[in-house]
Amino acid sequence: MLSESEPVEQTATRRRLGLGFGRRAWVPYAVLGLSLLATALVGRFIAATTAEVQRLHFEDAASAVVRSVAERMQTYGVALDAGVGLFASSRTPVDADRFERFARQFGVGVRHPGIQGYGYTHTVPADEREAFEARLHREGYPGFRVWPNGRRGTYQPVTYLFPQDARNRAALGYDMRSQATRAETMDRARDTGQAVLSEPVVLVQEIDEDVQRGILLYVPVYRPGAPTETVEERRAALEGFVYAPFRAEDLFEGIFEQQPSNVSYSVYDGEPGSGALLYQSGHVTGAPDELELSLVRSLDVAGRTWTLVFRPEPQFLKSSADMLLVPLSVGIGVIVSFALFFLVLRETRARARAIDVATELQRSEQRLRDASRAKDEFLAMLGHELRNPLAATRSALEVLRLSGDLHDDDAVAALAAAERQMLRQKHLVDDLLDVSRVSRGKIALRREDLDLRAVFAEAVETARAPAREKSQQLEVVAPAQPIPVNGDPTRLVQVLQNLLSNAVKYTPEGGTVTASLALEEGQAVARVRDTGIGIPSEALDRIFELFAQVDTSLARSTGGLGIGLTLSRRLVEMHGGTLEAHSDGPGLGSEFVVRLPVTDRVSSPASRERADWETNGRDQSLRVLVVEDNDDARSLSERLLRRWGYDVMSAADGERGVRVALEERPDVALVDIGLPNMDGFEVARRIRSEVPLDQMVLVAVSGYGREEDRKRSAEAGFDQHLTKPVEPPELRRILREATAARRPAPPA
Ligand code: ADP
């Protein structure tokens with residue numbers, strides 16, 4: 001049974017200590033796993049965010065570049081348009097001088113590093129070629145001639161080109177119609193009336209080592225006043241083109257030098273795959289795995305589509321401070337995870353240790369409970385075993401005393417001594433049992449409203465004889481008015497008796513014991529003072545502990561066990577009162593003070609019949625059955641009952657007891673519980689099944705006086721429960737009550 005209840009109690013103990021369920025050894029690992037997982041997720045999230053942020057940065061950079069290329073090209077277009085305006089607004093033909101002055105305003109080559117020159121090409125029909133060359137000679141170009149040689153329908157020679165550096169001078173006179181790309185571009189410009197950009201070409205200016213790709217931007221110039229609505233009209237009205245050659249590298253480097261250097265740029269005329277590469281930045285292109293970040297943007301520039309491809313340089317990725325966030329956050333996450341892990345591990349181990357301790361605690365509690373139960377059972381059994389012989393002795397002494405045959409003084413004295421010793425033994429047994437019951441909370445008070453004076457008087461009476469024996473003076477002070485208290489009279493007498501008997505015991509011959517009762521500040525106060533050996537101050541509290549004695553040798557000689565005060569204090573406390581000890585020191589006497597709460601009910605004087613049983617007056621005839629297997633006990637009881645004047649019958653076992661009871665119908669049956677074959681409970685049940693309650697008083701006589709024993713006998717049908725040894729006064733009282741109850745009943 002113990003092993004079954006253990007796990008349940010262990011769980012309860014752990015819950016009480018806040019230890020929850022189990023040791024939870026898995027918790028630290030779960031915590032570690034979860035926090036590492038969280039770290040990984042956070043790392044991934046940050047990485048994704050970082051990549052996204054980088055992509056946005058990169059896209060911004062690309063858009064800015066595209067914007068600036070578009071703006072730059074637009075600016076050039078506007079510059080050329082201005083040149084066209086010059087021709088349109090001139091009343092006289094524009095000559096080299098005027099054009100140069102105009103061109104200089106644009107700061108070609110200085111403000112616009114990519115533009116190679118600002119020029120004009122005049123449309124020259126084949127038959128006007130020589131006149132045209134002559135005109136230019138006059139305008140200050142003595143060596144001017146249209147080249148390459150060969151006869152073509154119209155010529156489109158480079159006429160003016162500024163600034164006049166070596167490259168540009170090399171281009172003068174070059175017939176741009178002699179080359180298909182240029183011719184086609186100019187045709188489109190002429191036919192549309194718009195600025196038109198050429199495919200990449202090799203400029204005739206490329207006279208040195210550094211040959212770059214070139215592009216040309218043409219804007220048509222029409223004869224002033226001529227209609228230009230239709231293509232035919234525009235063709236007929238064409239006078240020439242204001243144009244600008246660009247060296248692609250110079251152009252784009254000029255644009256890109258203000259752009260982020262950690263991005264590489266490629267510019268294609270047309271699609272990256274099929275079109276011509278116009279420009280490729282000098283930076284190394286990104287590694288293949290970073291290519292996913294490359295961006296492609298197309299841009300319409302004067303009739304052509306350029307494609308710009310952007311790639312981040314490795315340092316673009318590395319320079320980004322965000323990239324540090326991932327290793328940083330993962331690092332911190334891992335550190336925190338392990339820190340958490342160790343913390344939880346420590347806590348879990350502490351919990352496991354606490355559970356061990358709790359389990360051990362619980363086991364030792366259990367052992368203590370077992371030991372305590374064993375002690376209580378032992379005490380109960382001891383009490384039972386001691387009570388049977390005591391009962392017999394008690395009855396024997398009673399019979400002896402009542403026989404009146406003792407004329408010898410010695411015999412009388414011996415009888416008295418035997419009675420005293422027997423009483424003392426009985427008290428010891430009672431105390432032992434009581435204290436074990438009190439400590440288990442198993443004593444129930446039978447409280448009633450009473451006058452404490454009656455209790456006090458009864459206790460004082462029991463002290464008279466012992467005090468007299470030690471030639472001590474017993475002084476008693478009691479108030480005239482009643483002291484109403486709600487309490488158990490038996491227990492309160494027991495307390496006062498105990499204090500009085502201690503006072504007598506610990507006071508030498510000739511001393512004085514004073515017992516007083518008073519109402520003080522709304523409390524009932526009983527004091528027992530003596531002039532005895534006193535109590536050292538350090539022992540004043542200890543004497544109330546179980547088995548505590550100040551001087552064990554003395555206590556031994558006076559037959560104490562160190563129980564009385566413990567029991568008394570507990571009983572007083574159960575009444576809501578206090579018990580305290582005072583002493584001025586060894587040899588100076590002691591005082592014990594009991595304080596009890598008073599009630600406002602004026603009690604009916606709880607007249608406790610004292611020593612009534614000693615009277616020999618014969619009671620009205622009552623028929624009493626004694627069922628008892630122990631021959632001594634049975635015959636002693638019979639004799640005692642006869643002396644009291646009752647009609648007695650007896651039975652030595654349960655079956656006979658039932659038979660006699662049913663046949664003879666006695667008024668009272670005293671039934672021993674511990675009978676062989678059929679126990680007292682069964683006897684009671686059988687009798688009760690035939691005899692109604694008011695026709696027979698059933699009294700159980702048992703070695704056990706515990707609450708559960710009393711309950712059991714009540715259930716079996718007993719009216720009263722007496723414990724062995726049966727106190728004659730108690731028995732007499734019960735019989736008197738039975739007599740009184742019978743009296744009004746009509747005679748059968
Ligand atoms: P015991 O059976 O030993 O008397 P108690 O519990 O009644 O047990 O008392 C405990 C101890 O208190 C006694 O052994 C004794 O040393 C001390 N004591 C009790 N009453 C008195 C008293 N009136 N005078 C001196 N000592 C006392």
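These notebook entries record what I looked up in a predicted model of a protein with a ligand.

**Entry 1: Ground rules**

I number residues from 1 along each chain as its sequence is written. Because the model is predicted, local features need pLDDT of at least 70 and side-chain atom pairs count only at pLDDT 80 or more, while totals for chains, interfaces and linings use all residues; side-chain values use heavy atoms, with hydrogens and water left out.

**Entry 2: The whole protein**

I found 20 helices and 24 strands in the protein. Helices (H or I, at least four residues) and strands (E, at least two) are DSSP runs, numbered from the N terminus. I noted that 46% of the 748 residues count as buried; buried means under 20% relative accessible area, exposed over 50%, and partly exposed in between, with a 1.4 Å probe and protein chains only. The accessible surface of the protein is about 37,700 Å², and carbon and sulfur atoms hold 54% of that surface. Accessible areas come from the Shrake-Rupley method with a 1.4 Å probe, and for residues only the protein chains shown count as cover. I then turned to contacts, meaning heavy atoms within 4.5 Å. Among contacts with a separation of 6 or more, 69% join residues 24 or more positions apart.

**Entry 3: Helix α3**

Which residues of helix α3 are buried? In this helix (residues 96-104) they are Ala96, Phe99, Phe102 and Ala103. Seen down the axis of α3, these buried residues fall within an arc of 130°, so they line one face of the helix. The arc is that of the directions from the helix axis to the C-beta atoms. I recorded that the buried residues of α3 pack against α2 (27-89), β1 (118-122) and β4. The face turned away from the buried side carries the exposed residues Arg101 and Arg104.

**Entry 4: Backbone details**

I looked up two cis peptide bonds. One joins Trp147 and Pro148, with omega about -5°, and Pro148 sits in the loop between α4 (129-138) and β3 (154-155). Another runs from Phe162 to Pro163, with omega near -5°; Pro163 sits in the loop between β4 (158-162) and α5 (166-171).

I also looked up positive phi values in residues other than glycine. Ala302 has phi near 40° and lies in the loop between β11 (295-301) and β12 (304-312). Ala302 is partly exposed, with a relative accessible area of 25%. For Arg665, phi is near 50°, and the residue is in the loop between α17 (654-664) and β22 (668-672). Arg665 is partly exposed, at a relative accessible area of 35%.

**Entry 5: The ligand**

How many residues surround the ligand? I found 21, the closest being Asn502, Tyr506, Asp530, Gln549 and Leu565. A residue is near a molecule if one of its heavy atoms lies within 4 Å of it. By class, the shell has twelve nonpolar, seven polar and two charged residues. Here Ala, Val, Leu, Ile, Met, Phe, Trp, Tyr, Cys and Pro count as nonpolar, Asp, Glu, Lys and Arg as charged, and the others, Gly among them, as polar. Helices α13 (489-505) and α15 (564-574) and strand β19 (590-597) each supply at least two residues of the shell. Helix α13 gives the most, with three residues.

I next listed polar contacts (pairs of N or O atoms within 3.5 Å). An N or O atom in the side chain of Asn502 is 2.8 Å from an oxygen atom of the ligand. For the side chain of Lys505, the corresponding distance is 3.1 Å. A backbone N or O atom of Val550 lies 3.0 Å from a ligand oxygen atom. The protein covers 97% of the 530 Å² of accessible area that the ligand has on its own.

Notes:
Polar contact = N/O pair within 3.5 Å; in protein donor to acceptor, adjacent residues only side chain to side chain.
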